[in-house]
Amino acid sequence: MKLTGIFGRLALTNLILLVLISYFIIYVFHKTEQINTILHEVTSVHLPVMGDSEKLISAVQRMNEFRLKYQVTGDRDFFDRFAGFKSEADSVNGRLAEVVMGKSKSDIYDRVNELYTAFSEMSESQINGREHNYAETNRQLEDVSFKLDEHINLLKNTADSEWRSLLERSNRMVGKVVHKSVLFMVSCIVGAAAVAFFNTRTIARPLRKLGEKTNEVAAGIFPDRFSLEAPYEIERLASDFNIMIARLKESREQKEEFVSNVSHELKTPLSSIKEAAQMLKEGAFDNDPESSRRLLDIIDAESERLIASVNGIIEISRLDINDAPYEMKPCSVGRILRNIVTKTEPIASGKKIAVVCDIPDDLPDVSADREMISRAAENLIGNALKYTPEKGEINISVKKTGERLLLVSVKDNGRGIAEADLPHIFERYRRGRNQQGDVKGTGLGLAIAKKIISRHGGEIWANSRPGEGSEFLFTLPLSF
Ligand SMILES: Nc1ncnc2c1ncn2[C@@H]1O[C@H](COP(=O)(O)OP(=O)(O)OP(=O)(O)O)[C@@H](O)[C@H]1O
Ligand SMILES: [Mg+2]
């Protein structure tokens, strides 16, 4: 994954957002836990401490009340009521011992417990008649219960102020979480918008430029090669676009060259024919049958050249527009070559040229359109016969090469090709400078052969030395 690509950029920015959101969720979760702990402490410690403190104060007061009433009246009912409140005070005091937490409250509670124990024991001993000096014990009990009341109130107030401060703390935490959530959401929206803006800008801008270039091409203007600073996918698109423009330019130039070549190729023989016909019509050589005959020969030869040109033009145009798709079938190149040799035998024997074939019988088939390969090979063998003088020799060989290729060679010991012409002989209408005069041709044969071989996935090339001969080679992929 390239980070300079569209996918890479989107993935990276989304990942960053995802990490931030996850971090924030963990933060909110952690804070909620803290707030929960505080609320739990308040409900399980502070509120019970406050409630039980109230209850203990009231029970102690009631114990005092019924102890004194019993003292005065000796009524057994007051004694029982005293005992009831004492057991309530005992149990409340026991509960307080369980719920009180924290250093400050524990210290106060220890003192409360001490005072309560003293108060409870003294009250009990007095009401049970173990104390006889009532006035003294009453004074002492009053003193202890006053201190006890004071300390229970202190415990209650401490719990009260503590739970208020805890609530304040939890409120502050909630406020902080809300504040941070809002801040986080706003920054996320702003960040996501900024990233989206940056991403769309870096993608949209080069795409717009590409669109402008496409419009130029649609209007028939081929822009110069251009480069874009963009994600690599768009850069690749731009580079493909440049290749496409280069090909379009090339094909337009080829078309222009083709039109000019065609018109030249057709005009030249037509002018000669017209000129000769005009002279015959004017009776310029009426009394000279020999010259008249030469004019007729010119008309005949130029007509043939014209027909050959027109046929060549039609053939290469068909190949260009690919109007007849190839029928690819396994076929034997050896058989194709032998057929051509048989067909051209009269020409070879007319020029006393020896055609030597080195074509093994067990060659594998190639996947090809028989007709088309035959046309390509015929052009090569035809050229060899055409450009080799009398008593020359042509060697045709086929062999397997590479992994899955057949290599065909057509070699002659004819006049060869000038070094300057060799790189251009496969171009349309290119004829070697030495051939133009004596050997007739349109300069299309090799262009046609090249087109056919390329369409079969093969390659074609030539080696030659002027005066020593030429070798034309092509490869074809084997059929599976
Ligand atoms: N075997 C060869 N020996 C020497 N020159 C050759 C040979 N084959 C091709 N050439 C050179 O290459 C040029 C192009 O060949 P190509 O077959 O395309 O055209 P052509 O033979 O001139 O005309 P045609 O269209 O009738 O084939 C020829 O004009 C010739 O100069
Ligand atoms: Mg030719």
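Let us begin with residues 6-29, a span that is 100% helix and 0% strand, with its end C-alpha atoms 35 Å apart. Please bear in mind that the model is predicted. In an unreviewed UniProt entry, the feature "transmembrane region" is placed at residues 6-29 and also at residues 177-198. For residues 177-198, the model again gives 100% helix and 0% strand, and here the end C-alpha atoms lie 31 Å apart.

I turn now to helix α4.

Next, the packing of α4 against α3. Two packed helices are described by the angle between their axes and by the distance between those axes. Helix α3 covers residues 103-127 and helix α4 covers residues 134-218; their axes are 9 Å apart and meet at an angle of about 155°. Because an angle over 145 degrees counts as roughly antiparallel, that description applies to α3 and α4. The crossing of these two helices is left-handed. In the contact of α3 with α4, the residues divide into 15 nonpolar, 9 polar and 4 charged.

Finally, the HAMP annotation. The unreviewed UniProt entry assigns "domain: HAMP" to residues 201-253. In the model, the chain over residues 201-253 is 75% helix and 0% strand, and 37 Å separates the end C-alpha atoms.

Key: Residues are numbered from 1 along each chain as its sequence is written. Chains are lettered from A and ligands numbered from 1 in the order in which they are written. This is a predicted model: local features need pLDDT of at least 70, side-chain atom pairs count only at pLDDT 80 or more; totals for chains, interfaces and linings use all residues. Side-chain values use heavy atoms; hydrogens and water are left out. Axes are lines fitted to C-alpha atoms, for helices over the stretch in contact, and angles run from 0 to 180 degrees between N-to-C directions. Helices (H or I, at least four residues) and strands (E, at least two) are DSSP runs, numbered from the N terminus. Angles under 35 degrees count as roughly parallel, over 145 as roughly antiparallel, 65 to 115 as roughly perpendicular and the rest as oblique. A crossing is left-handed if the near helix is turned anticlockwise from the far one by less than a right angle, and right-handed if clockwise. Ala, Val, Leu, Ile, Met, Phe, Trp, Tyr, Cys and Pro count as nonpolar, Asp, Glu, Lys and Arg as charged, and the others, Gly among them, as polar. UniProt positions are given in the numbering used here, feature names are shortened, and annotations may be inferred rather than shown by experiment.
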